[in-house]
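Open your viewer and get ready to select. This tour goes stop by stop: pick what is named, then read what is there.

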Amino acid sequence: MRFWPWVCAVAVACGEPAPAISPKPTNLAPVPAEMKDSGVPTQPEKRGPIVVAIVVDQLSAWVAASRWPQMPTEGGFARLMREGTWVKNLRHAHAVTDTGPGHAALHTGKTPHEHGIYANELPAGDHRVSILRDESTRAIAADGTKDAPGSSASLLRAETVADRLRAAHPEALVVSISLKDRGAILPAGKHPTWALWYDSGLDQWVTSTAFGNAFPSWAQPIADKHAIEIARSVAWQPLDAPWLAAHSATKDDAPGEGDLEGLGITFPHVAKTPNAFRSLPATDRIIAELGHAAIAAEHDASKPTLLLLSFSACDVVGHVFGPDSWEAWDQLRKLDRVLGDLLKALDQRASKVSVVLAADHGNISMPEAPPPKPCGADDPWERPCVPGYRIGPKAAGDALQAAAVKALGPGAWVAGVADPYVHLTPAARALPAGKRATLDKAIRGWFATQKAVDEVIDTKVLAEKCPKVLESARTAPERAAKGEPLMSLLCRAWGPGTGAGDYYVTVKPGSFWDGELVVGKGTSHGSPYLYDRTVPLLVRAPGDAEAGIVIEDPVDFSAYAAIEAHLVGLDQRPIPEILRALTAHR
Ligand SMILES: [Zn+2]
């Protein structure tokens, strides 16, 4: 039995067994207002409070500020804004504005320097792998344990709120779900009840032996191979094409949009591969369905309950189509509906539903897009007035290796680029000083030809300078204000002994390391600039967070973890007091 109103409304007659995935999860008629949850609500005595901590991957403050007010009043964002507090500018304090560092920062309240997640990936031969990949673990899917490595939180050095909760209350239910391993694992930490993500190599939803020996039975109908096939077979149609045309400033086929493995650049999009599947807004709904299924199966009033959801389609859509595309508007509109439906469904199962929502990082428009108005110093997020450039990590790694061979002779010298780091090989690191200087010159020489690149910093220099820089760097809340020095941001992004690469390469404003989902297309993030570091925060906690309040001044990112901790009972300060203590003046 499924408990989602749209399943009842569209897919099957109410009361009949529902299919694992609604056949039309991405193109539904609006759910009628009078439609109630079709499932059996949890009996009142079994309902306890539920805390939902959400991350929307790649949702910048500038997108939220302009688009949330344009969402329908019955949607999730409008409801959260009406019933909660909206911090317009939650500010990350580190330079490496990527998914892993950002998720870990939100859920630990620490910067990468302290939490140890300094990048998303590492170079591995001619490709890159997740830094959370752990060869000592195995992936577990609905059909059993795989002979493929899993992922773990072994690199995470700081405690997440979820880990603190499980330490205080070992019986607590902690469920974390995302499309990405880093989006599920870093919010959860080391001891969740369940952490689930989609492994595109296996084309399956998985957990890992790092977190237990089983795949949850409640996830199987939504997350087994058959369910993935059904979800992928549905073409991505716009929810409301005239609404997209009216709201987006571009055409459906705007310059700079990428064709991800046959997905095309105009609607409808048909996903033919696991990678293309990751871009579908339908995956956001699957994540919400999984979260709801976990609560339906395991929530109990006697246990604290923390549901951690990271919605990733926003990031993939940004990387492929850019944030101004019809696709990005449609994805946000559908996520809005998913959040609204999720809130309604959880209300049936809990005595109180508290929500904290933010993003791991922001983004910038594609170089092909017209400049924003206002721009530069007049723009609150300092988006530049001139377009930037893309630089491809794969091509950069190949070119740097070629430059190194030219300078030093044959040999493997550059292991690769996993942005923002250039990783040298052990042979290069062992070179005598003179030859190492020759290699350094070759690397800097190549980067000097790249329009996207700002600075190339030897991480030995960071090792030398960062202790002093961090000693005198601003702390919360002042570090959330404008004008944070680049070195403070870099030193908070990097840490000795983290296994980070040999050079940290920063980009110019508006430029970015290409996400390479479609090489030379789409947008990305990862820079130290305000548009990448500033994200929205929403907190809805009835009787606890002030309703209908908007905070314009910048707030330190650590507010997210402090609020999450408050909501699960680990921080006694009232939410308005937490926010006041972490607000900087512009
Ligand atoms: Zn991304």
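**Stop 1: a salt bridge from a loop to a helix**

Select Asp-240. At 28% relative accessibility, Asp-240 counts as partly exposed. Buried means under 20% relative accessible area, exposed over 50%, and partly exposed in between, with a 1.4 Å probe and protein chains only. This is a predicted model: local features need pLDDT of at least 70, side-chain atom pairs count only at pLDDT 80 or more, and totals for chains, interfaces and linings use all residues. Residues are numbered from 1 along each chain as its sequence is written, and side-chain values use heavy atoms, with hydrogens and water left out.

A salt bridge here is a side-chain nitrogen of Lys or Arg within 4 Å of a carboxyl oxygen of Asp or Glu. Side chains of opposite charge can pair when their charged atoms come close. Asp-240 sits in the loop between helix H9 (225-233) and helix H10 (241-247), and Arg-333 in helix H14, so the pair ties together parts that are 93 residues apart in sequence. Helices (H or I, at least four residues) are DSSP runs, numbered from the N terminus. Arg-333 is buried, with a relative accessible area of 12%.

**Stop 2: the helix pair**

Select residues 313-321, helix H13, and residues 326-347, helix H14. Their axes come within 9 Å and cross at roughly 170 degrees. Axes are lines fitted to C-alpha atoms, for helices over the stretch in contact, and angles run from 0 to 180 degrees between N-to-C directions. H13 and H14 are therefore roughly antiparallel to each other; that label needs an angle over 145 degrees.

Which residues of H13 and H14 make the contact? From H13, pick Ala-313, Cys-314, Val-317 and Phe-321. From H14, pick Glu-327, Ala-328 and Gln-331. Contact means heavy atoms within 4.5 Å.

**Stop 3: Leu-332**

Stay in helix H14 and select Leu-332. Leu-332 is buried, with a relative accessible area of 2%. Leave aside its neighbours within four places in sequence: Leu-332 is then in contact with Leu-59, Val-63, Arg-67, Trp-68, Met-71 and Phe-77. Next, jump to Tyr-504. The C-alpha atoms of Leu-332 and Tyr-504 are separated by 33 Å.

**Stop 4: the nonpolar cores**

Select Trp-68, Phe-77 and Trp-205. These have the most contacts inside the largest nonpolar core, which has 116 residues. Such a core is a set of buried Ala, Val, Leu, Ile, Met, Phe, Trp, Tyr and Cys residues joined through side-chain atoms within 4.5 Å. H14 supplies the largest share of this core, 10 residues. Apart from it lies another core, of 31 residues, including Tyr-118 and Trp-197.

**Stop 5**

Select Asp-347 and Arg-79. Their closest N and O atoms are 2.8 Å apart. Asp-347 is in helix H14 and Arg-79 in helix H3 (residues 76-83), 268 residues apart. Asp-347 is partly exposed, at 29%, while Arg-79 is buried, at 15%.

Finish on Arg-383 and Asp-379. Their side chains meet in a salt bridge (2.9 Å, N to O). Arg-383 is buried, at 10% relative accessibility. Asp-379 is buried too, at 1%.

Terms used
Helices (H or I, at least four residues) and strands (E, at least two) are DSSP runs, numbered from the N terminus. Angles under 35 degrees count as roughly parallel, over 145 as roughly antiparallel, 65 to 115 as roughly perpendicular and the rest as oblique.
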